[in-house]
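Please open the model in your viewer and keep the sequence panel beside it.

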Amino acid sequence: MIDKKDGKPLSKIALLAKARAEKRAQESQTTPVKTSVSILDKLKSKKNDQLENKPIEKRKQTSKLYNLAAFKSSKLKTFEPAPFKEESKLETIPKEVFVPKEPQLEPTLTLIDISFNTSSTSSSKYRPSSISKASSILVNHSRSELPESYKRKLEEHHLNTIYFPYTNTQLVKKLKTNFNKPSPDDIVIDAQKSAFEIEKKTEKVIEKVQKLKITSKTPTKPKFKIDVDAELTKRKAKPNTSFVVIGHVDAGKSTLTGRLLLESNVVDKNTYTKLKREAEKSGKGSFSLAWVMDQTPEERDRGVTIDINSSQFETPNANFTIVDAPGHKDFVPNMITGVSQADIAVLVVDASINAFESGFNLDGQTKEHTILAKSLGINKIIVAVNKMDNVDWEETRFEEIKLQLYEFLKFTGFKQSEIQFIPISGLSGLNVVKIPESDTDKRKLKWYSGSTLLQALESADKFERNTSLPFVLSINDIESSSLEFIGRIETGIIQPGETVIFSPSNQIGIVDSLTVNNQKAQIGIAGDSISLKVKDIELDEIQIGDVISIVNHNVPSVKSFKSKLLLFDLNRPILLGTEFMLFRGNVQQPAKISNIISLFDKITGEKLNKKPKHLSSKQSALVEIQLQRELPLELFKDNQSLGRFVLRKDGFTIGAGVVEEF
Amino acid sequence: MKLIANHFEKDTSGSVTLVAEDKEDLFTLYNLIQKGDEIDIKTMRNIKKNSKDSAKGSKAKIEKKLVRLRISIEDVEFIPQDESMRIRGKTTSATEDVPLGTYHTAEIDLVHPFSIYKDEWDEIAIQLVHSSCNIESKAEIGAVVLQEGVAHICLITENMTVLKTKIERSIPRKKRGDSSSHDKSLDRFLTVTAETLIRDLNLEKLKAVILASPGFVAKNLFEKVFQIATTTNNKVVQQQKSKFLVTHSSTGYLQGLDEVLKNEEIQKKLSDTKFAKDVVILDEFFKRLNDDDGKAWYGPSESGKAVDLGAVKNLLITDTLFRSDDIGQRKKYIELTDIVKGSGGEVNIFSSLHDSGKQLDQITGIAVILNYPVYDLDEDDSEK
């Protein structure tokens, strides 16, 4: 061979060196095939750079293992100069010995693996002597496969540099086996790791089991085949409207309700006569109509309504559900339940002198009830100015009350077109159902040209029912003896035979039968107050306020959620952690604010920059609310009645809110 | 608590020997014992008996032995419901069986005396010992807050409110024409509540029993209790009739209790009890905060500034702050109380086991009511 530069023939050694250099250049481009993950990669990546840069003299001082490993790595990988003084001599050794994939080197590789094992454990740091022994074995072992000349060179070199104990083979064997085993630390670490893995596995299993539901979640088909569309159009012609009777205590709500039921023949004359006699006997003759609704001994003795009572009645044009709400301040929770079932509110006010005023002023319930009704989503209000007979049906009194209330109702947020005023007398029944017929009655109401209360209810706008949405019902009452759940359908339709799911108990059952308007029915439509009989249900886990929905639409139950809140007049600020009662429809639960996220401008609704420490009167804010236990809720945008709530504290309504985010 | 001996040095270090008498005392101790204090106590310990032939692999025998140990406290654990308290720390003196510096957990019981050694007895600590040893200041009140279907039976002591039992029953709604199932389950609910009340509250020991509910449920419960007492011929209950107070609350959940304690009528009856006063002061604070009249502030820095101004009428502070492991913090708060007392203000230390204390804890645990309005306490000094 002739060198390109000067044309001089090269010596043998020079030729070999050149070939080697070429080979190196080639190999450095293509990284060698790695036969096993070994210390070589590790050491190479860490130390090769150093090796290349450091002067050779320095390398002499490095440890035996270091030298050896570096040597091996150079052999296997790139033919880098080995860290020995006799570098040039080494190169005379036949090339093929140092080829990476050489099978002869297999033992070396495994041994290197052993040393890798030891050095990878932390314990190896503290056993330098054993490592040097191990490395000597390594060399011993590989020696046999090496060519004779190299062996000799190596021996010479070893004599100069490394001490190799040849004798104690017993120890060597022991060492070898010991290093093949995991170190005591490894055993501990592995045991710990595997322990966690088992835990994870069981956790996963537990999770899966929790997710499992025993009953199948597949929806089932209704028992009876009926034409749903036909039912819907039939229902549209004669809709089901529900209204709640609200107002200050003693305004005559129960008496008015009793009157409506009596005149629409739901209560027969005989029952009423009996009630009347009983009431007169106990000296409460004027309560006879109220007793139609107030049945418990408590209510009758004290002459106040305590709980709501809903009844159905029918006119030629419409079906009605009437909910009689209590007026006493203490029973506002029950009244809220009543409002949550209604489309329209009938606000009863007492027209008698001073009675209206006392009900309308600060402590009276007229205002609180109205605000609650509006906050809970009622948009239409009919004001029944009751006991007009006490003020001789005077127009001026009616107008006076109208004027005051009108301003207030508009302020509360009712639209002008959704407010109606009607003078009535619940006790005598004038202008409730009966239009004035006799001359005296006509004279009394000659100044009034509007409709009767019932007419007003009948002519109320028909409410759009969300029949296309999934079936959702909030349980109002449980008939434990017959497994019947009573409530009003919020959205959707339900038929016997369909599968429903309860939230939060996650129980699944099949609807056996349903009752609408006291009659067995084949379909229940949004807005209906129904009684639902469900099979295979564990009653213990179900409470009033739980939600029943169609099986493929599970209503989420949450313990904390984000909400947009509007506060009313407060006499104490709301701080983080201040406890109050949260009312969602017919459920109440202690709750608190866990985080005030942001504050909104009262008028523009824009986000304000300041982050308050507490909330005070009439502020609007985005907050996080924490409940004591899970409550079925929906986002306001998905379901209006299950997504809104009111807050009360110390017997006052302090705010209203909607669910924004879970 | 019974004080058996005390011994204080001039440098305010010293020891006190006490016997706890009730769980109320345990809570006092929980507030009193700090990290680093030393406690000398008789306690049971499992001791390994190293017999000589144990080398052959026979298990070392474990013996339970009553030993007297001196422990340097690292951790104190108190669970009000369990009425138990445990202290944990390293031993500071060696005994025959227990070497020096080994960990030990001892339970403080209501029988055996023990000594607490502190390097520094501050005023709050001494006051805690004195007030808990004063029997007259102890008053326990039973309370039932209920509404149809839910009842909470509680015990209110000087330092804590403990919920003894919660009763829940679902009561069907009345129906037109038939309310019998409603009436029946309501009656059942009242009976269960009355029976639990008689069982859970030690009426003889109590100063008063408050029954509170919206509507008439509390009144009915009152009648039910004595109806049961008459039929079962329970003389003890019958004799305690005068202790019962029937009152109004807006809800049957626990927050109703707070409302009851603010009630003037109840206040009059409980006028000399500390926690009832606390409720009123906290309420005044909240009212002022709501009015935003510049006289109510909360937070450590705001309160600190107000104290510096000498404007403080009432300093409201919870025992949580004194319980701080950071001795510097504790000292800082003690200093604040001293300054307020010195300038004629009143210091109210709230118990974190009462609802009022919990509320105060929610707003950093320290608050002040001022004598005159100051408006810019929350501004940073750097802004000025």
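**Starting with chain A**

Select chain A of this predicted model, where the secondary structure amounts to 21 helices and 24 strands. If you colour the chain by burial, 38% of its 662 residues come out as buried. Turning to contacts within chain A, and taking those with a separation of 6 or more, 72% are between residues 24 or more positions apart.

**The six-stranded sheet**

Next, select the open sheet of 6 strands in chain A, whose order is β2-β3-β1-β4-β5-β6 and whose pairing is mixed. At its edges you will find β2 (309-314) and β6 (419-423) of chain A, each of which pairs on one side only. Neighbouring strands of this sheet are turned against each other by 25 degrees on average, direction ignored.

Which residue of β3(A) is the bridge partner of Phe313(A)? Showing the side chains here brings up Phe320(A), the partner in question.

**Where chain B touches chain A**

Finally, display both chains and select the contact, to which chain A contributes 30 residues and chain B 24 residues. On the chain B side, the elements that give two or more residues are α3 (180-200), α6 (255-262), α8 (274-291) and α12 (355-362) of chain B. Of these, α8(B) gives the most, with 4 residues. Coloured by class, the side of chain B that touches chain A shows 8 nonpolar, 10 polar and 6 charged residues.

Note on methods. Residues are numbered from 1 along each chain as its sequence is written. Chains are lettered from A and ligands numbered from 1 in the order in which they are written. This is a predicted model: local features need pLDDT of at least 70, side-chain atom pairs count only at pLDDT 80 or more; totals for chains, interfaces and linings use all residues. A residue is buried if 20 or more other C-beta atoms lie within 10 Å of its own, exposed if 12 or fewer, and partly exposed in between; C-beta atoms are placed from the backbone. Two residues are in contact if their C-beta atoms, placed from the backbone, lie within 7 Å. Ala, Val, Leu, Ile, Met, Phe, Trp, Tyr, Cys and Pro count as nonpolar, Asp, Glu, Lys and Arg as charged, and the others, Gly among them, as polar. Two strands pair if DSSP finds at least two bridges between them. Axes are lines fitted to C-alpha atoms, for helices over the stretch in contact, and angles run from 0 to 180 degrees between N-to-C directions.
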